[in-house]
Each structure stands twice: as C-alpha cells, then as structure tokens.
Amino acid sequence: MKAIIVREFGPPDVMKLEEVPALTPGPGQVLVRVKAVGVNPVETYVRAGTYARKPNLPYTPGSDVAGIVEAVGPGVNSVKTGDRVYSHGTAGTGAYRELTLCEEAQVHALPDRLSFQQGAALGTPYSTAWRALFLYAHATPGETVLIHGASGGVGVAATQIARANGLRVIATAGTERGMNLARQQGAHEVLNHRDGDHLSRVTPLTGGRGVDLVLEMLANVNLDRDLDVLAFRGRVMVVGNRGRVEIDPRKIMSKDGAILGMTMFNATADEYRTIHAALAPGLENGSLTPVIGREMPLDQAVQAHGAVMESGAFGKIVLLP
C-alpha cells in the first residue's frame, strides 16, 4: 500500500510517496479503500509547520476521502463492506493514501448521484461553510451574505448552502470563469475582487442597508473593508487568513457589529453530527453538489499543494490514488 509521508516540516517537496504497512480496523473503525482525496489549504500550513497545531512526525496529510468500505471493525453497525462513503477525518492515518482508517462517526453514506471525486470535496469545505453560517454566525433566511472567494471549495459550498437556506448571496471571485461559476451555484450578485473598488458596490446592491453577514476567506486583505459594508448588527465570519491586518474598531462599535472566527479543528463530536445530518438532504436532492476543478494522481501531491494556494480558484482539487 502506498501513502504520502511527511518526515519533516517544510516546502511541498517534503511529501514523499512511500510503501507503508497494511492497516486493520480496530473496534469502531472502518477501513476505506480511497478513490479520491480532497486537498485543502490548511494542509499546506500544517505541512509547512506554520499552523498552530502540528502533528507528530512522520505523518500522512489530509482528512477528506471518498471511497469504498474495505472492512469494518467490531461494533461497527452504520456501514458495511462495499458501501460507498465519504469521510471527514481519519483515525490518525491521514487521507493521502490508498487505504485509510476512519472512526465510524467520521464516515457517511455517499449518495449514488455523487462521484467519488465529489465525495472527497465534501468534508472540510461543506462542514466549514455550514458551521460558519449557522452554528457561529447564526444566519437566518432573508438575510444577505457576502461570500468572498466564492469560486473556491469553501466558497462554492457556502454559496450553495446559503442559497438553499433562503439567504440572498453576493459573491466575489477573481476571474470571469470563477464569476460565472458563482452565478451557476446560485449567487444573486457577483463581483470581481480583482477590481480594487469592488466592495464599494456592495452597499448599493443592498439598497444602502449593507450585508448582514460576511464570510471571509482572506481576512488579512479584506477585514477592515468588510466592516464598511456591514449592516447594523452585522457579523464578519473569518474562516481564512494568511497574515496580520489593521482594522478600525469604531466601524464595529458604530454598528453593534461582531467579528467571529473559527477553525474546524475546534469542532465537537456533536457539531459534526449536526453538520453532516444537515448536509444529507441537500446531497440527496441535488441542491448541494461539489464542483471539481482539477484531478491529479496521488504521486502529484507536491504539485497539488502548489495549485491549491494559487489565485483564481475554481472548484476543488482532488487527488486520485
């Protein structure tokens, strides 16, 4: 069995494809034959050693897989051998590999309407979007949300989820292709964030009121300007950031506004159960459908970590073992 192994923190080329021992599921565990792996920006930060949480070395990156149940351990009742599944998280074995172990609670049925590639795009992006919108920002139908980077993995998920739950969506993207994608996923209005003045157009689009919620993917660039477009008692939900930023707190104070932040590493078991139960109907009825932008073989994980950090995001990058 082959897996990507990281033996030291550093640039993408610290990831090596190696032969590793076979895995056997223990009590409450599921062995999944991986058909596709989702690549997330956070995995590049962890690999570089710059993230707040560092795994013990050596380790295999990744948390999002889709595949077929190869075997189950004692006490597993929700899935059986041969089932199509997706998983958000592994039992410490990582996702960039041909087979991986998951805890039973991490594994969810993959509807027949979705490909394995689409299943691998569900875990982190859709969980992040749902948790940010509803568990932390408490979005409600009828509110208006500004979604930055709506053509990327989390952005696509957030646009679909927000539209399916009755929110008005103003989206941003950095290319015409990305803007068209945001429209196709349900955004009511789409702005080009390469236009330095694009945020000045947000408030007029709301009749001068401002947006109730901002889903922020790059806070170090946008945060202070986000505060300008908030409605009274609006919230900025930070889910992505790559550096420090200076803001004027008066902008929050004058609107009784709030800046919130989250990471999926802090999610509880109860939150995961809630999130994936909430996602299931949309995955079944078609209102939630991941968009795959690029497929790459597992041995190109190095190139995938470069691609996921490039500007002009379009859908999800997946690795195929």
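1. A quick word on terms: helices (H or I, at least four residues) and strands (E, at least two) are DSSP runs, numbered from the N terminus. The model is predicted, so local features need pLDDT of at least 70 and side-chain atom pairs count only at pLDDT 80 or more, while totals for chains, interfaces and linings use all residues. Residues are numbered from 1 along each chain as its sequence is written, and side-chain values use heavy atoms, with hydrogens and water left out.

2. Now the overall picture. The protein has 10 helices and 15 strands, and its C-alpha atoms fill a box of roughly 60 × 40 × 35 Å along the principal axes. A compact globule of 321 residues would have a radius of gyration near 20 Å, and the value of 20 Å for this protein agrees; the radius is taken over C-alpha atoms, and the globule rule is 2.2 Å times the number of residues to the power 0.38. Of the 321 residues, 53% are buried, where buried means under 20% relative accessible area, exposed over 50%, and partly exposed in between (1.4 Å probe, protein chains only).

3. Next, the sheet. Six strands form an open sheet in the order β10-β9-β8-β11-β12-β13, with parallel pairing; two strands pair if DSSP finds at least two bridges between them. β10 (189-192) and β13 (258-261) are at the edges with a single partner strand each, so one side of each has no neighbour in the sheet. From one strand to the next, the twist averages 20°; axes are lines fitted to C-alpha atoms, for helices over the stretch in contact, and angles run from 0 to 180 degrees between N-to-C directions.

4. At the β10 end, β9 (residues 168-173) runs parallel to β10 and is joined to it by four bridges. Within this pair, Ile170 stands opposite Glu189. Helix α4 (residues 153-164) packs on the sheet, touching β8 (144-147), β9 and β11 (211-216), and its direction makes about 170° with that of β8. Helix α5 (residues 176-184) also packs on the sheet, touching β9 and β10, at about 165° to β10. Contact here means heavy atoms within 4.5 Å.

5. The largest nonpolar core has 46 residues, and Tyr126, Val145, Ile147, Ile161 and Leu279 touch the most other members. Such a core is a set of buried Ala, Val, Leu, Ile, Met, Phe, Trp, Tyr and Cys residues joined through side-chain atoms within 4.5 Å. Among the elements that each supply at least two residues are α2 (116-120), β8 and α9 (269-285), while α3 gives the most, with six. Beyond neighbours within four places in sequence, the contacts of Ile161 include Tyr126, Trp130, Phe134 and Leu279. Another core, of 21 residues, lies apart and includes Ile4, Tyr96, Ala304 and Val308.

6. The peptide bond from Leu57 to Pro58 is cis, with omega near -10°, and Pro58 is in the loop between α1 (41-48) and β4 (64-72). Arg233, not a glycine, has a positive phi of about 60°; Arg233 is in strand β12 (residues 230-238) and counts as exposed at 55% relative accessibility. Asp256 also has a positive phi, near 50°, but is found in the loop between α8 (250-253) and β13 and is partly exposed, at 45%.
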